[in-house]
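My notes follow in the order I made them.

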Amino acid sequence: LFEFAEMWSQHSRKYQVYELQSRMEGLCTLKLWKSVVADVDGKGIKKFVDWFILLMLDGSQLNEFDSHPGVQYVTRDTAQLIHEVLNIEKTYGYDSQGFFDLLQRVGEEMGLLKLEDEQLDDAIPLTAVESMIHEFIIGFIKLMS
């Protein structure tokens, strides 16, 4: 955090107020991308997925249900946050509900969610979200390469 604050301070002296945020977003995106692809142990993508999920959970707990013991689920709120942060509607054309439905269908295809189970109406298997984020970062790496 201190390193980020120092970087912000240094760059705030270089750029006008109106361009600072976009410059910093670009710089942070580039630093993140470089750390993911340059990870010497080859686990950069996994580390990114884990970090992103932790960030999106925003202190929320993962849920488990009796109908699927040992499977962890995220809430609709987490899916909404992912939708906003990754700008899914603008980029892919899915509104928030469409994105949520898509993730639930992925969970159903994985055998981790039954759409008729009302207990799971507002839940998405964590595995489905991890898979989506994994593919997202792979696509981002290909785009940047």
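**Definitions first.** I count two strands as paired if DSSP finds at least two bridges between them. Helices (H or I, at least four residues) and strands (E, at least two) are DSSP runs, numbered from the N terminus.

**Source.** This is a predicted model, in which local features need pLDDT of at least 70 and side-chain atom pairs count only at pLDDT 80 or more, while totals for chains, interfaces and linings use all residues. Residues are numbered from 1 along each chain as its sequence is written, and side-chain values use heavy atoms, with hydrogens and water left out.

**Sheet.** I looked up β1 (residues 63-65) and found it antiparallel to β2 (residues 68-75), with two bridges between them. F65 is placed opposite H68 of β2. A hairpin of two residues leads from β1 into β2. On to β3 (residues 123-125): three bridges tie it to β2, again in antiparallel fashion. In that pair I found V74 opposite I124.

Which order do the strands take in the open sheet? I read β1-β2-β3, three strands with antiparallel pairing. β1 and β3 are at the edges with a single partner strand each, so one side of each has no neighbour in the sheet.

**Cores.** I took a nonpolar core as a set of buried Ala, Val, Leu, Ile, Met, Phe, Trp, Tyr and Cys residues joined through side-chain atoms within 4.5 Å. Buried means under 20% relative accessible area, exposed over 50%, partly exposed in between (1.4 Å probe, protein chains only). The largest core holds 24 residues, and I82, I124, V129 and I133 have the most contacts inside it. At least two residues of this core come from each of α2 (17-37), α3, α4 (76-85), α6 (96-109) and α7 (126-144). α7 contributes the most, seven residues. Another core, of seven residues, lies apart from it and includes F65, V71, Y73 and L113.

**F48.** Is F48 buried or exposed? It counts as buried because its relative accessibility is 7%. I located F48 in α3 (residues 44-57). Beyond four places in sequence, F48 has contacts (heavy atoms within 4.5 Å) with L32, V36, I133 and I137. With the same exclusion, I listed F48, V49, F52, I53, I82 and L86 as touching I133.
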